[in-house]
Amino acid sequence: MVGVYVAGVGFTKIAEHWDKDLEQLMAEAAVKALEDAGVSTVNAIYVGCALSEYLQCQANLGALMAECTGLVGVPAFRSEAAEASGAAALYSGFCDIASGRSEAVLVIGGEKLSDGLPEEVSSGMLMMSGRSWYEGFMGADFYAISALLYRLYSKRYGDEGIPFFPVISHEHAEGVAHAQYPFKITLDRVLESPFIAEPLRMLEVSGIGDGAAALVLVSEGLARRLKSPKIKIFISSATDYMNPFDREDPLRLQSVMLSVSKVLEQAGVSRGEVNMVELHDSVSILGALCLESGGFSPPGAAGKLAMKGEFGLNGRLPCNTFGGLKARGHPFGATAIYQVAEIYLQLTGRAGKNQLDKPRTGLAISLSGVGAAAFTSLLKIEEV
Amino acid sequence: MRVTGYWRNISFLYRLAGWKCTHCGAFHHYKPVICRRCRSREFTQVELPGSGRLIAYTVIRSPPKEFERYAPYSIGLIELEDGTKILSQLTDFKEDELRDGIRVEAVFRKVRVNGEQGIIEYGYKFRPVLSRS
(Lines give C-alpha, C1' and ligand atoms only; values in the text may rest on other atoms or scores of the structure.)
Protein backbone atom coordinates (compact mmCIF):
# COMPACT_ATOMS: atom_id res chain seq x y z
CA MET A 1 0.00 0.00 0.00
CA VAL A 2 1.31 3.45 -0.93
CA GLY A 3 1.63 5.84 2.03
CA VAL A 4 -0.86 8.73 1.95
CA TYR A 5 -0.02 12.24 3.16
CA VAL A 6 -2.03 15.39 3.79
CA ALA A 7 -0.15 18.17 1.99
CA GLY A 8 -2.48 21.12 2.44
CA VAL A 9 -5.80 22.24 3.93
CA GLY A 10 -8.30 25.01 3.38
CA PHE A 11 -11.62 25.97 4.92
CA THR A 12 -14.15 28.76 5.27
CA LYS A 13 -15.51 30.25 8.44
CA ILE A 14 -18.62 28.42 9.57
CA ALA A 15 -21.49 30.89 9.57
CA GLU A 16 -24.75 31.70 7.85
CA HIS A 17 -23.30 32.66 4.47
CA TRP A 18 -26.37 34.33 2.95
CA ASP A 19 -24.38 35.74 0.03
CA LYS A 20 -22.71 32.52 -1.09
CA ASP A 21 -23.90 29.30 -2.73
CA LEU A 22 -22.75 25.85 -1.65
CA GLU A 23 -20.52 25.61 -4.75
CA GLN A 24 -18.86 28.96 -3.93
CA LEU A 25 -18.08 27.88 -0.38
CA MET A 26 -16.65 24.56 -1.55
CA ALA A 27 -14.57 26.25 -4.27
CA GLU A 28 -13.18 28.73 -1.73
CA ALA A 29 -12.02 25.93 0.58
CA ALA A 30 -10.69 23.84 -2.32
CA VAL A 31 -8.59 26.61 -3.86
CA LYS A 32 -7.13 27.46 -0.43
CA ALA A 33 -6.16 23.80 0.05
CA LEU A 34 -4.51 23.59 -3.38
CA GLU A 35 -2.55 26.78 -2.66
CA ASP A 36 -1.61 25.53 0.80
CA ALA A 37 -0.26 22.32 -0.72
CA GLY A 38 1.46 24.11 -3.59
CA VAL A 39 -0.12 21.98 -6.31
CA SER A 40 -2.03 23.27 -9.32
CA THR A 41 -3.86 20.12 -10.33
CA VAL A 42 -4.87 16.69 -9.04
CA ASN A 43 -5.75 13.27 -10.49
CA ALA A 44 -9.24 13.15 -8.99
CA ILE A 45 -11.71 15.11 -6.88
CA TYR A 46 -13.81 13.57 -4.08
CA VAL A 47 -16.72 15.60 -2.74
CA GLY A 48 -18.67 14.93 0.47
CA CYS A 49 -22.08 16.45 1.07
CA ALA A 50 -25.17 15.09 2.80
CA LEU A 51 -28.21 17.12 1.83
CA SER A 52 -27.63 19.10 -1.37
CA GLU A 53 -30.52 17.41 -3.22
CA TYR A 54 -32.90 18.28 -0.41
CA LEU A 55 -31.73 21.78 0.56
CA GLN A 56 -30.25 23.13 -2.70
CA CYS A 57 -32.05 20.94 -5.28
CA GLN A 58 -28.56 20.19 -6.56
CA ALA A 59 -26.95 16.86 -7.46
CA ASN A 60 -23.88 15.92 -9.54
CA LEU A 61 -21.52 17.71 -7.18
CA GLY A 62 -18.42 15.98 -8.57
CA ALA A 63 -18.55 17.54 -12.03
CA LEU A 64 -19.81 20.79 -10.56
CA MET A 65 -16.80 21.12 -8.28
CA ALA A 66 -14.34 20.20 -11.04
CA GLU A 67 -15.75 23.18 -12.92
CA CYS A 68 -15.81 25.55 -9.93
CA THR A 69 -12.18 24.80 -9.05
CA GLY A 70 -11.01 25.30 -12.63
CA LEU A 71 -10.20 21.60 -12.98
CA VAL A 72 -12.61 20.56 -15.75
CA GLY A 73 -11.44 17.28 -17.20
CA VAL A 74 -10.40 15.78 -13.87
CA PRO A 75 -12.56 12.81 -12.75
CA ALA A 76 -14.78 13.81 -9.82
CA PHE A 77 -17.25 12.02 -7.55
CA ARG A 78 -19.52 12.69 -4.60
CA SER A 79 -19.81 10.45 -1.51
CA GLU A 80 -22.71 10.39 0.89
CA ALA A 81 -22.69 9.00 4.42
CA ALA A 82 -25.00 11.46 6.17
CA GLU A 83 -23.13 13.71 8.63
CA ALA A 84 -19.94 11.79 7.85
CA SER A 85 -20.13 12.42 4.09
CA GLY A 86 -16.84 14.34 4.16
CA ALA A 87 -15.18 11.34 5.82
CA ALA A 88 -16.64 9.04 3.16
CA ALA A 89 -15.10 11.26 0.46
CA LEU A 90 -11.82 11.21 2.37
CA TYR A 91 -11.97 7.39 2.58
CA SER A 92 -12.42 7.18 -1.21
CA GLY A 93 -9.62 9.65 -1.88
CA PHE A 94 -7.35 7.82 0.53
CA CYS A 95 -7.98 4.49 -1.22
CA ASP A 96 -7.32 6.08 -4.62
CA ILE A 97 -3.81 7.11 -3.55
CA ALA A 98 -3.08 4.07 -1.37
CA SER A 99 -3.87 1.81 -4.33
CA GLY A 100 -1.27 3.56 -6.44
CA ARG A 101 -3.74 4.84 -9.03
CA SER A 102 -3.47 8.55 -8.18
CA GLU A 103 -0.60 10.78 -6.99
CA ALA A 104 -2.71 13.69 -5.74
CA VAL A 105 -6.42 14.07 -4.98
CA LEU A 106 -8.56 16.92 -3.77
CA VAL A 107 -11.12 16.08 -1.06
CA ILE A 108 -13.85 18.65 -0.47
CA GLY A 109 -16.59 18.57 2.15
CA GLY A 110 -19.37 21.13 2.17
CA GLU A 111 -22.85 21.79 3.46
CA LYS A 112 -25.12 24.80 3.37
CA LEU A 113 -27.80 24.38 6.00
CA SER A 114 -29.01 27.98 6.09
CA ASP A 115 -30.84 27.44 2.79
CA GLY A 116 -33.38 25.35 4.74
CA LEU A 117 -35.97 26.38 7.27
CA PRO A 118 -35.24 24.99 10.76
CA GLU A 119 -37.92 22.29 10.33
CA GLU A 120 -36.40 21.33 6.97
CA VAL A 121 -32.95 20.92 8.51
CA SER A 122 -34.63 18.86 11.23
CA SER A 123 -36.24 16.71 8.50
CA GLY A 124 -32.87 16.40 6.81
CA MET A 125 -31.38 15.14 10.07
CA LEU A 126 -34.25 12.69 10.40
CA MET A 127 -33.50 11.30 6.93
CA MET A 128 -29.92 10.75 8.04
CA SER A 129 -30.58 9.11 11.41
CA GLY A 130 -33.53 6.81 10.72
CA ARG A 131 -35.65 5.03 8.15
CA SER A 132 -38.19 7.27 6.47
CA TRP A 133 -41.13 4.92 7.02
CA TYR A 134 -40.31 4.20 10.67
CA GLU A 135 -38.57 6.95 12.65
CA GLY A 136 -39.50 9.35 9.86
CA PHE A 137 -43.15 8.37 9.92
CA MET A 138 -43.57 9.04 13.65
CA GLY A 139 -41.27 12.08 13.80
CA ALA A 140 -38.65 10.39 15.99
CA ASP A 141 -35.83 12.63 14.83
CA PHE A 142 -32.12 12.65 15.61
CA TYR A 143 -32.67 14.60 18.83
CA ALA A 144 -35.36 12.17 20.00
CA ILE A 145 -33.10 9.17 19.47
CA SER A 146 -30.15 10.95 21.11
CA ALA A 147 -32.37 11.97 24.05
CA LEU A 148 -33.48 8.35 24.56
CA LEU A 149 -29.82 7.24 24.54
CA TYR A 150 -29.06 10.00 27.07
CA ARG A 151 -31.85 8.65 29.32
CA LEU A 152 -30.49 5.11 29.14
CA TYR A 153 -26.99 6.42 29.86
CA SER A 154 -28.18 8.39 32.89
CA LYS A 155 -30.03 5.38 34.25
CA ARG A 156 -26.97 3.16 33.96
CA TYR A 157 -24.17 5.59 34.91
CA GLY A 158 -25.71 8.94 35.94
CA ASP A 159 -25.31 12.06 33.82
CA GLU A 160 -22.54 13.76 35.80
CA GLY A 161 -20.32 15.83 33.54
CA ILE A 162 -22.12 15.12 30.24
CA PRO A 163 -23.42 18.73 29.99
CA PHE A 164 -19.81 19.82 30.54
CA PHE A 165 -18.75 18.71 27.03
CA PRO A 166 -20.21 21.85 25.38
CA VAL A 167 -18.37 23.98 27.96
CA ILE A 168 -15.04 22.45 26.89
CA SER A 169 -15.79 22.89 23.19
CA HIS A 170 -16.78 26.53 23.61
CA GLU A 171 -13.72 27.25 25.72
CA HIS A 172 -11.50 25.96 22.91
CA ALA A 173 -13.43 27.89 20.24
CA GLU A 174 -12.94 31.24 21.94
CA GLY A 175 -11.29 33.60 19.48
CA VAL A 176 -11.01 30.93 16.73
CA ALA A 177 -11.46 32.74 13.41
CA HIS A 178 -13.26 29.91 11.60
CA ALA A 179 -15.53 28.92 14.51
CA GLN A 180 -19.26 29.60 14.32
CA TYR A 181 -19.59 30.27 18.06
CA PRO A 182 -16.18 31.62 19.18
CA PHE A 183 -17.10 32.35 22.81
CA LYS A 184 -17.18 30.66 26.19
CA ILE A 185 -20.29 29.38 27.93
CA THR A 186 -20.67 28.29 31.54
CA LEU A 187 -22.06 25.01 32.83
CA ASP A 188 -24.89 26.97 34.47
CA ARG A 189 -25.87 28.44 31.12
CA VAL A 190 -25.97 24.96 29.59
CA LEU A 191 -28.10 23.64 32.44
CA GLU A 192 -30.46 26.63 32.28
CA SER A 193 -31.00 26.39 28.52
CA PRO A 194 -34.40 25.02 27.45
CA PHE A 195 -34.93 21.38 26.54
CA ILE A 196 -34.80 20.50 22.88
CA ALA A 197 -35.84 16.91 23.69
CA GLU A 198 -35.44 16.20 27.38
CA PRO A 199 -32.97 15.50 28.89
CA LEU A 200 -31.12 17.09 25.95
CA ARG A 201 -30.79 20.86 26.26
CA MET A 202 -30.47 23.52 23.58
CA LEU A 203 -26.85 24.27 24.52
CA GLU A 204 -25.91 20.58 24.31
CA VAL A 205 -26.56 20.39 20.56
CA SER A 206 -24.65 21.90 17.63
CA GLY A 207 -26.17 24.78 15.68
CA ILE A 208 -27.06 25.23 12.04
CA GLY A 209 -24.38 26.69 9.81
CA ASP A 210 -22.73 26.71 6.40
CA GLY A 211 -19.16 25.77 5.71
CA ALA A 212 -16.73 23.97 3.47
CA ALA A 213 -13.32 22.43 4.06
CA ALA A 214 -10.83 20.74 1.77
CA LEU A 215 -7.67 18.64 1.87
CA VAL A 216 -5.03 17.77 -0.68
CA LEU A 217 -3.86 14.18 -0.29
CA VAL A 218 -0.69 13.02 -1.99
CA SER A 219 1.29 9.82 -2.40
CA GLU A 220 4.56 9.37 -0.51
CA GLY A 221 6.37 9.83 -3.84
CA LEU A 222 4.85 13.23 -4.48
CA ALA A 223 5.13 14.16 -0.80
CA ARG A 224 8.93 13.92 -1.09
CA ARG A 225 8.91 16.50 -3.88
CA LEU A 226 6.51 19.03 -2.29
CA LYS A 227 7.66 21.84 0.00
CA SER A 228 4.50 22.06 2.13
CA PRO A 229 4.46 20.28 5.53
CA LYS A 230 3.25 16.70 5.08
CA ILE A 231 1.46 14.60 7.65
CA LYS A 232 0.77 10.88 7.16
CA ILE A 233 -2.91 9.93 7.27
CA PHE A 234 -4.86 6.71 7.83
CA ILE A 235 -8.61 6.15 7.79
CA SER A 236 -10.91 3.31 8.76
CA SER A 237 -14.66 2.85 8.93
CA ALA A 238 -17.34 0.50 10.26
CA THR A 239 -21.14 0.33 10.31
CA ASP A 240 -23.84 -0.63 12.80
CA TYR A 241 -27.63 -1.03 12.85
CA MET A 242 -29.34 2.28 11.90
CA ASN A 243 -31.56 2.25 14.98
CA PRO A 244 -29.41 2.11 18.15
CA PHE A 245 -32.13 0.18 19.98
CA ASP A 246 -31.65 -2.72 17.56
CA ARG A 247 -28.07 -3.00 18.82
CA GLU A 248 -26.98 -5.35 21.57
CA ASP A 249 -25.97 -2.43 23.77
CA PRO A 250 -27.13 0.99 22.54
CA LEU A 251 -24.53 2.67 24.76
CA ARG A 252 -21.61 0.96 23.00
CA LEU A 253 -21.04 2.45 19.55
CA GLN A 254 -19.66 -0.59 17.80
CA SER A 255 -18.88 1.41 14.66
CA VAL A 256 -16.60 3.65 16.74
CA MET A 257 -15.04 0.72 18.59
CA LEU A 258 -14.20 -1.08 15.33
CA SER A 259 -13.05 1.91 13.28
CA VAL A 260 -10.79 3.21 16.07
CA SER A 261 -9.20 -0.21 16.64
CA LYS A 262 -8.70 -0.77 12.91
CA VAL A 263 -7.09 2.62 12.28
CA LEU A 264 -4.75 2.28 15.26
CA GLU A 265 -3.65 -1.12 13.97
CA GLN A 266 -3.21 0.25 10.45
CA ALA A 267 -1.02 3.09 11.74
CA GLY A 268 0.85 1.00 14.31
CA VAL A 269 -0.14 3.40 17.09
CA SER A 270 -1.40 2.57 20.61
CA ARG A 271 -4.18 4.52 22.36
CA GLY A 272 -1.64 5.95 24.79
CA GLU A 273 0.31 7.48 21.90
CA VAL A 274 -2.69 9.51 20.67
CA ASN A 275 -2.10 13.14 21.69
CA MET A 276 -5.47 14.64 20.74
CA VAL A 277 -8.95 13.59 19.63
CA GLU A 278 -11.58 15.42 17.59
CA LEU A 279 -14.94 14.06 18.76
CA HIS A 280 -18.33 13.94 17.06
CA ASP A 281 -20.11 16.06 19.68
CA SER A 282 -23.17 17.01 17.61
CA VAL A 283 -24.96 16.29 20.89
CA SER A 284 -23.14 16.15 24.24
CA ILE A 285 -23.94 12.50 24.89
CA LEU A 286 -22.44 11.39 21.55
CA GLY A 287 -19.15 13.12 22.40
CA ALA A 288 -18.98 11.08 25.60
CA LEU A 289 -19.99 7.84 23.85
CA CYS A 290 -17.25 8.38 21.20
CA LEU A 291 -14.60 8.58 23.93
CA GLU A 292 -15.94 5.55 25.79
CA SER A 293 -16.55 3.37 22.74
CA GLY A 294 -13.20 4.38 21.27
CA GLY A 295 -11.47 3.12 24.41
CA PHE A 296 -10.26 6.54 25.59
CA SER A 297 -12.41 6.51 28.73
CA PRO A 298 -13.91 3.69 30.81
CA PRO A 299 -17.67 3.24 30.19
CA GLY A 300 -19.68 5.75 32.20
CA ALA A 301 -16.66 7.85 33.15
CA ALA A 302 -16.26 10.35 30.28
CA GLY A 303 -18.33 13.06 31.98
CA LYS A 304 -16.43 12.78 35.24
CA LEU A 305 -13.08 12.88 33.42
CA ALA A 306 -14.30 15.92 31.47
CA MET A 307 -15.09 17.74 34.75
CA LYS A 308 -11.56 16.94 35.96
CA GLY A 309 -10.11 18.78 32.98
CA GLU A 310 -8.69 15.73 31.20
CA PHE A 311 -9.99 16.86 27.79
CA GLY A 312 -8.92 20.52 28.00
CA LEU A 313 -6.04 21.93 25.93
CA ASN A 314 -3.66 21.21 28.82
CA GLY A 315 -5.32 17.97 29.87
CA ARG A 316 -4.31 14.32 29.44
CA LEU A 317 -6.09 14.02 26.10
CA PRO A 318 -7.09 17.38 24.55
CA CYS A 319 -10.38 17.08 22.66
CA ASN A 320 -12.05 19.37 20.11
CA THR A 321 -9.09 21.72 20.09
CA PHE A 322 -10.84 24.35 17.94
CA GLY A 323 -14.31 23.91 19.41
CA GLY A 324 -15.57 20.63 17.95
CA LEU A 325 -18.98 20.29 16.34
CA LYS A 326 -20.64 22.22 19.13
CA ALA A 327 -18.69 25.48 18.91
CA ARG A 328 -16.56 25.42 15.77
CA GLY A 329 -19.71 24.27 13.99
CA HIS A 330 -21.21 21.25 12.24
CA PRO A 331 -21.97 21.72 8.53
CA PHE A 332 -22.61 17.99 8.05
CA GLY A 333 -20.71 17.03 4.89
CA ALA A 334 -17.82 19.36 5.77
CA THR A 335 -17.41 18.41 9.43
CA ALA A 336 -15.00 15.49 9.07
CA ILE A 337 -12.76 17.56 6.81
CA TYR A 338 -12.64 20.38 9.38
CA GLN A 339 -11.69 17.80 12.02
CA VAL A 340 -8.81 16.46 9.91
CA ALA A 341 -7.70 19.96 8.85
CA GLU A 342 -7.55 21.04 12.50
CA ILE A 343 -5.39 18.05 13.45
CA TYR A 344 -3.13 18.93 10.50
CA LEU A 345 -2.77 22.49 11.87
CA GLN A 346 -1.91 21.10 15.32
CA LEU A 347 0.69 18.63 14.01
CA THR A 348 2.32 21.24 11.77
CA GLY A 349 2.53 23.85 14.55
CA ARG A 350 0.03 26.21 12.90
CA ALA A 351 -2.70 26.13 15.55
CA GLY A 352 -2.04 29.64 16.87
CA LYS A 353 -3.27 30.28 20.40
CA ASN A 354 -4.77 26.77 20.49
CA GLN A 355 -1.44 25.11 19.74
CA LEU A 356 -0.81 21.98 21.81
CA ASP A 357 2.68 21.17 23.04
CA LYS A 358 4.30 19.30 20.12
CA PRO A 359 1.57 16.74 19.40
CA ARG A 360 2.68 13.90 17.11
CA THR A 361 -0.54 11.94 16.61
CA GLY A 362 -4.18 13.02 16.39
CA LEU A 363 -7.40 11.13 15.79
CA ALA A 364 -10.80 12.27 14.48
CA ILE A 365 -14.05 10.36 14.94
CA SER A 366 -16.84 11.23 12.48
CA LEU A 367 -20.32 9.70 12.79
CA SER A 368 -23.30 9.31 10.56
CA GLY A 369 -26.70 9.18 12.24
CA VAL A 370 -26.44 7.89 15.78
CA GLY A 371 -23.33 5.87 14.98
CA ALA A 372 -24.83 3.92 12.05
CA ALA A 373 -21.42 4.50 10.52
CA ALA A 374 -18.20 5.77 12.02
CA PHE A 375 -15.08 6.90 10.22
CA THR A 376 -11.89 7.31 12.22
CA SER A 377 -9.00 9.25 10.70
CA LEU A 378 -5.54 9.22 12.23
CA LEU A 379 -2.81 11.71 11.41
CA LYS A 380 0.76 11.34 12.55
CA ILE A 381 4.08 13.00 11.98
CA GLU A 382 6.19 10.60 9.94
CA GLU A 383 9.13 11.43 7.73
CA VAL A 384 8.51 10.74 4.06
CA MET B 1 -42.26 9.73 3.08
CA ARG B 2 -44.01 9.08 -0.22
CA VAL B 3 -47.57 7.76 -0.33
CA THR B 4 -46.31 4.55 -1.95
CA GLY B 5 -43.79 4.03 0.85
CA TYR B 6 -46.53 4.50 3.43
CA TRP B 7 -48.79 2.05 1.59
CA ARG B 8 -46.07 -0.62 1.48
CA ASN B 9 -45.63 -0.46 5.27
CA ILE B 10 -49.28 -0.34 6.29
CA SER B 11 -49.40 -3.85 7.79
CA PHE B 12 -46.73 -2.87 10.31
CA LEU B 13 -48.04 0.63 10.95
CA TYR B 14 -51.69 -0.50 11.33
CA ARG B 15 -51.35 -3.80 13.19
CA LEU B 16 -47.68 -4.24 14.22
CA ALA B 17 -47.41 -7.14 11.79
CA GLY B 18 -44.03 -8.24 10.48
CA TRP B 19 -41.63 -11.16 10.19
CA LYS B 20 -39.51 -12.90 12.78
CA CYS B 21 -36.36 -14.79 11.94
CA THR B 22 -36.99 -18.49 12.61
CA HIS B 23 -33.39 -18.93 13.80
CA CYS B 24 -32.54 -15.91 15.97
CA GLY B 25 -35.95 -14.29 16.54
CA ALA B 26 -34.97 -10.85 15.21
CA PHE B 27 -38.02 -8.83 14.17
CA HIS B 28 -38.23 -7.29 10.70
CA HIS B 29 -40.97 -4.89 9.60
CA TYR B 30 -41.19 -6.55 6.19
CA LYS B 31 -40.08 -9.92 4.86
CA PRO B 32 -36.36 -9.43 4.30
CA VAL B 33 -34.14 -11.21 1.82
CA ILE B 34 -31.80 -12.19 4.63
CA CYS B 35 -31.88 -11.77 8.43
CA ARG B 36 -30.02 -8.62 9.46
CA ARG B 37 -28.73 -10.32 12.59
CA CYS B 38 -27.91 -13.96 11.71
CA ARG B 39 -28.21 -13.98 7.89
CA SER B 40 -30.77 -16.79 7.94
CA ARG B 41 -33.34 -16.87 5.14
CA GLU B 42 -36.31 -18.34 7.03
CA PHE B 43 -39.00 -16.15 8.54
CA THR B 44 -42.38 -16.54 10.19
CA GLN B 45 -45.11 -13.95 9.88
CA VAL B 46 -46.04 -12.52 13.29
CA GLU B 47 -48.14 -9.85 14.90
CA LEU B 48 -46.28 -8.18 17.77
CA PRO B 49 -48.02 -8.03 21.16
CA GLY B 50 -49.85 -4.71 21.53
CA SER B 51 -48.64 -4.05 25.05
CA GLY B 52 -45.42 -3.69 26.97
CA ARG B 53 -43.42 -1.34 29.17
CA LEU B 54 -42.08 2.13 28.56
CA ILE B 55 -38.28 2.01 28.87
CA ALA B 56 -37.63 5.72 28.26
CA TYR B 57 -39.31 8.70 26.64
CA THR B 58 -38.66 12.21 25.43
CA VAL B 59 -40.60 15.21 24.15
CA ILE B 60 -39.94 16.76 20.74
CA ARG B 61 -40.12 20.54 20.89
CA SER B 62 -38.57 21.62 17.57
CA PRO B 63 -40.20 19.19 15.17
CA PRO B 64 -39.30 18.16 11.63
CA LYS B 65 -41.41 19.27 8.66
CA GLU B 66 -45.01 18.00 8.65
CA PHE B 67 -44.95 17.58 12.44
CA GLU B 68 -45.07 21.29 13.30
CA ARG B 69 -48.76 21.22 14.21
CA TYR B 70 -48.35 18.28 16.60
CA ALA B 71 -45.41 19.63 18.65
CA PRO B 72 -44.72 19.14 21.45
CA TYR B 73 -45.19 15.38 21.09
CA SER B 74 -43.67 12.43 22.91
CA ILE B 75 -41.57 9.57 21.59
CA GLY B 76 -41.14 6.44 23.68
CA LEU B 77 -38.86 3.43 23.56
CA ILE B 78 -41.04 0.44 24.43
CA GLU B 79 -40.23 -3.17 25.29
CA LEU B 80 -43.13 -5.32 24.16
CA GLU B 81 -44.18 -8.45 26.00
CA ASP B 82 -42.16 -10.68 23.66
CA GLY B 83 -39.01 -8.59 24.29
CA THR B 84 -39.11 -6.72 20.95
CA LYS B 85 -38.12 -3.07 21.35
CA ILE B 86 -39.97 -0.52 19.26
CA LEU B 87 -40.25 3.23 19.00
CA SER B 88 -43.62 4.92 19.12
CA GLN B 89 -45.34 8.23 19.62
CA LEU B 90 -47.12 8.33 22.99
CA THR B 91 -50.68 9.56 23.30
CA ASP B 92 -53.65 9.86 25.71
CA PHE B 93 -51.56 10.70 28.75
CA LYS B 94 -51.63 13.38 31.39
CA GLU B 95 -48.43 15.30 31.89
CA ASP B 96 -47.56 13.65 35.21
CA GLU B 97 -48.49 10.18 34.00
CA LEU B 98 -45.40 9.35 31.97
CA ARG B 99 -42.79 7.46 33.93
CA ASP B 100 -40.15 4.96 32.90
CA GLY B 101 -41.43 1.43 33.49
CA ILE B 102 -45.18 2.07 33.19
CA ARG B 103 -47.34 -0.37 31.23
CA VAL B 104 -48.41 0.88 27.80
CA GLU B 105 -50.72 -0.43 25.06
CA ALA B 106 -51.04 0.15 21.33
CA VAL B 107 -53.90 2.20 19.85
CA PHE B 108 -54.78 3.17 16.29
CA ARG B 109 -54.41 6.90 15.62
CA LYS B 110 -54.04 9.55 12.97
CA VAL B 111 -50.33 10.30 12.78
CA ARG B 112 -50.04 13.15 10.27
CA VAL B 113 -51.21 14.65 7.00
CA ASN B 114 -48.77 14.01 4.19
CA GLY B 115 -48.04 17.50 2.91
CA GLU B 116 -47.06 16.76 -0.65
CA GLN B 117 -49.95 14.54 -1.63
CA GLY B 118 -52.34 15.51 1.13
CA ILE B 119 -53.38 12.06 2.29
CA ILE B 120 -54.06 11.43 5.97
CA GLU B 121 -51.70 8.83 7.39
CA TYR B 122 -52.74 6.54 10.26
CA GLY B 123 -50.72 4.19 12.41
CA TYR B 124 -50.05 2.86 15.87
CA LYS B 125 -49.28 4.95 18.93
CA PHE B 126 -48.93 3.77 22.53
CA ARG B 127 -50.74 5.04 25.61
CA PRO B 128 -50.49 4.27 29.34
CA VAL B 129 -52.63 1.32 30.50
CA LEU B 130 -55.20 2.51 33.04
CA SER B 131 -54.53 0.99 36.43
CA ARG B 132 -57.57 -0.98 37.56
CA SER B 133 -58.30 -1.54 41.22
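**Note on the two domains of chain B**

1. The term stands for a side-chain nitrogen of Lys or Arg within 4 Å of a carboxyl oxygen of Asp or Glu. Between domain 1 and domain 2 of chain B the count is one salt bridge.

2. A word on the basis: this is a predicted model, in which local features need pLDDT of at least 70 and side-chain atom pairs count only at pLDDT 80 or more, while totals for chains, interfaces and linings use all residues. Residues are numbered from 1 along each chain as its sequence is written, chains are lettered from A and ligands numbered from 1 in the order in which they are written, and side-chain values use heavy atoms, leaving out hydrogens and water.

3. Chain B splits into domain 1 (1-47) and domain 2 (49-133), with bounds from an automatic or database domain assignment. Their C-alpha centres are 20 Å apart.

4. On the contact side (heavy atoms within 4.5 Å), 11 residues of domain 1 of chain B meet 18 residues of domain 2 of chain B.

5. Together the two domains of chain B bury about 1,100 Å², with 59% of it on carbon and sulfur atoms; this is the accessible area (1.4 Å probe) that two parts lose on being put together, summed over both. Val3(B), Tyr6(B) and Leu16(B) supply 40% of the area that domain 1 of chain B buries against domain 2 of chain B, more than any other three residues.
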